[in-house]
Amino acid sequence: MDWVFVQKSWEKWASSNIGSSGPPLKAALLINYDPLRPSRLLSTIAEQEGIKISPIELSQFVNFIKRNKLQKETFMIGNNQSDKWMTDMVTSIHENWFCARCLNTSKSAGEGAIVMQTSVFLLVALYDGSIGLASRAMASVDQLVWQLNRKNL
């Protein structure tokens, strides 16, 4: 794996797409994830910005993905301003990505998550807002995934 390429791509992308106001995303997480590898090899956080999760929380999220019951279960990732976990419900599923909306947000416009899978990564992006901002968030996520897919990562 070309870690230098991944790190440079992440840094360039994160600097213009993640922030508290202005950029389309409030946080993002890049997780090493290969569903074909042996289960004894744990997924790890490759990069993160605006979010800190523990190995236990990461493991719970990856297990949610592996169970593949996206529309039957909720998942928790990240925490909002009041240190409450964001409980998310999947709202749409596509071939290599899905979207979710936060069920316990205090923000009037809402909060959401986009999870996109490449051949070896899961990109988790969190955003504030409704449909217009969700579209901006999706375009932002697609930029990094396109870069990673160019190198088959």
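Contact is defined here as heavy atoms within 4.5 Å. The structure is a predicted model, in which local features need pLDDT of at least 70 and side-chain atom pairs count only at pLDDT 80 or more, while totals for chains, interfaces and linings use all residues. Residues are numbered from 1 along each chain as its sequence is written, and side-chain values use heavy atoms, with hydrogens and water left out.

Leu30 touches Val6, Trp10, Thr44, Ile45, Ala46, Glu47, Phe121, Leu122, Leu123 and Leu148, residues up to four places away in sequence not being counted. A nonpolar core is a set of buried Ala, Val, Leu, Ile, Met, Phe, Trp, Tyr and Cys residues joined through side-chain atoms within 4.5 Å; buried denotes under 20% relative accessible area, exposed over 50%, and partly exposed in between (1.4 Å probe, protein chains only). The largest such core has 26 residues, of which Trp10, Trp13, Leu25, Leu30, Phe121, Leu123 and Val141 touch the most other members. At least two residues of this core come from each of α1, β1 (27-32), β6 (111-117), β7 (121-128) and α3 (131-150), with helices (H or I, at least four residues) and strands (E, at least two) taken as DSSP runs numbered from the N terminus. Helix α3 supplies the largest share, seven residues. Another core, of 22 residues, lies apart from it and includes Ile31, Leu58, Ile65 and Val115.

Asn17 is located in helix α1 (residues 3-17) and counts as buried because its relative accessibility is 7%. Beyond residues up to four places away in sequence, Asn17 touches Pro23, Pro24, Leu25, Ser140 and Gln143. The side chains of Asn17 and Ser140 are joined by a polar contact of 2.9 Å, a polar contact being a pair of N or O atoms within 3.5 Å; within protein, one must be able to donate a hydrogen and the other to accept it, and residues adjacent in sequence count only if both atoms are side-chain atoms. A polar atom of the Asn17 side chain also lies 2.8 Å from the backbone oxygen of Trp13.
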